[in-house]
Amino acid sequence: MLAVLSPGQGSQKPGFLTPWLDLTGTEARLREWSALAGVDLLHLGTAADADEIKDTARTQPLLVAAALLAAEHLPLDGIALTAGHSVGELGAAALAGVLSADAAITLAGVRGREMAAACALEPTGMAAVLGGDPDEVIAAIEANGLYPANRNGAGQIVAAGALDGLDKLAAAPPARTRIIRLQVAGAFHTPYMAPAETALAAEAAGITPADPARTLLSNLDGTAVDDGAAMVQRLVRQVTAPVRWDLCMRTLADLGVTGVIELPPAGTLAGLVKRELKGDGAPEIVTLNTPDDLPAARDLIARIGGRS
């Protein structure tokens with residue numbers, strides 16, 4: 001079985017879409033989607049610097065656009081499963097047929113703008129807690145009034161919440177852990193994002209989804225969702241709910257996934273999968289970052305695509 005993964009915020013790099021402009025139709029597609037997203041995706045993907053593309057309002061539609069742009073050049077009939085991390089779920093939902101590409105880009109634009117606005121209401125942040133006993137890490141996060149916003153597997157849990165709580169966690173970290181403060185605008189995937197969830201729900205109410213045409217995993221609990229309307233509800237809820245990428249990877253293993261393609265900007269999710277799914281059953285992984293990587297991705301699809 002072959003899985004295609006769509007990355008989330010933090011994976012972007014300056015100029016990462018520049019090589020894709022060599023493919024016919026790329027520029028026109030990005031201009032079309034820019035009108036839906038309310039940001040200049042062509043500029044952001046090619047000429048913008050690191051500071052500009054870490055702005056939540058810009059980053060989120062940019063990442064969804066990048067994933068969908070690259071996927072247009074793959075034979076999707078050979079793909080059995082899709083999953084995305086955080087905002088990457090919108091891209092995964094589009095690849096599964098739940099949303100149109102236009103709807104996914106539009107929702108990503110609203111999501112990014114509203115989450116950025118929610119971040120401005122109160123000073124909050126996030127920090128990655130690496131290593132340690134997971135139960136002890138969760139207990140320490142909650143003891144400091146914080147939330148476990150991302151459980152990414154491979155020994156990585158992300159704490160989110162008030163800045164003073166993050167400072168206290170860093171001052172007295174759980175045993176055998178290392179804490180890295182993340183350069184993000186606020187506490188994503190926590191109740192601090194409630195205004196953004198409300199706004200996204202209003203936008204999503206105008207969309208008529210379809211049921212998935214292939215297996216689609218949800219960040220809420222790692223399960224496969226077979227109802228389009230239920231998936232849209234989960235996409236909205238995910239704005240304030242923790243990302244359980246660890247459970248998504250467990251499902252990849254349980255389903256016997258033998259091949260993984262990560263869409264651009266690729267590397268982060270591939271690294272998590274590589275560290276978590278080890279041994280004889282480890283899947284073959286292709287990171288799709290430029291058009292030069294398309295032959296390897298297509299070859300993987302040809303060899304194992306559609307197997308279950």
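Colleague: Where is the place of His 189?

Modeller: This is a predicted model, in which local features need pLDDT of at least 70, side-chain atom pairs count only at pLDDT 80 or more, and totals for chains, interfaces and linings use all residues. Residues are numbered from 1 along each chain as its sequence is written, and side-chain values use heavy atoms, without hydrogens and water. Helices (H or I, at least four residues) and strands (E, at least two) are DSSP runs, numbered from the N terminus. On that numbering, His 189 sits in the loop between S6 and helix H9 (194-204).

Colleague: Is His 189 buried or exposed?

Modeller: Phi of His 189 is near 60°, a positive value in a residue other than glycine. Buried means under 20% relative accessible area, exposed over 50% and partly exposed in between (1.4 Å probe, protein chains only). His 189 has 3% relative accessibility, so it counts as buried.

Colleague: And Arg 176, is that buried or exposed?

Modeller: Arg 176 also has phi near 60°, a positive value in a residue other than glycine. It is found in the loop between helix H8 (163-171) and strand S6 (177-181). With a relative accessible area of 63%, Arg 176 is exposed.

Colleague: What kind of peptide bond joins Pro 264 and Pro 265?

Modeller: Pro 265 belongs to the loop between S8 and helix H12 (268-276). Omega is about -5° for the bond joining Pro 264 and Pro 265, and that bond is cis.

Colleague: Why are the buried residues of H13 on the same side?

Modeller: In helix H13 (residues 294-304), Leu 294, Ala 297, Leu 300, Ile 301 and Ile 304 are buried. An α-helix has 3.6 residues a turn, so residues three or four places apart point the same way. On the other side of H13, Pro 295 and Ala 302 are exposed.

Colleague: Which strands and helix are included in what covers the buried residues of H13?

Modeller: Contact here means heavy atoms within 4.5 Å. Ile 261, for one, touches Ala 297, Leu 300 and Ile 301, among others. The cover of the buried residues of H13 includes strand S1 (2-6), helix H4 (56-71), strand S8 (259-262) and strand S9 (284-287).

Colleague: Which residues have the most contacts inside the largest nonpolar core?

Modeller: A nonpolar core is a set of buried Ala, Val, Leu, Ile, Met, Phe, Trp, Tyr and Cys residues joined through side-chain atoms within 4.5 Å. The largest one has 71 residues, and its largest share, 10 residues, comes from H4. Apart from it lies another core of 18 residues, including Leu 5 and Val 243. Those with the most contacts inside the largest core are Leu 99, Ile 261 and Leu 263.

Colleague: How are H4 and H6 oriented to each other, roughly parallel or roughly antiparallel?

Modeller: Among the residues that meet are Gln 60 and Val 64 in H4, and Ala 104 and Ala 108 in H6. Axes are lines fitted to C-alpha atoms, for helices over the stretch in contact, with angles from 0 to 180 degrees between N-to-C directions; those of H4 and helix H6 (residues 101-119) come within 7 Å and cross at roughly 160°. Angles under 35 degrees count as roughly parallel, over 145 as roughly antiparallel, 65 to 115 as roughly perpendicular and the rest as oblique. H4 and H6 are therefore roughly antiparallel.
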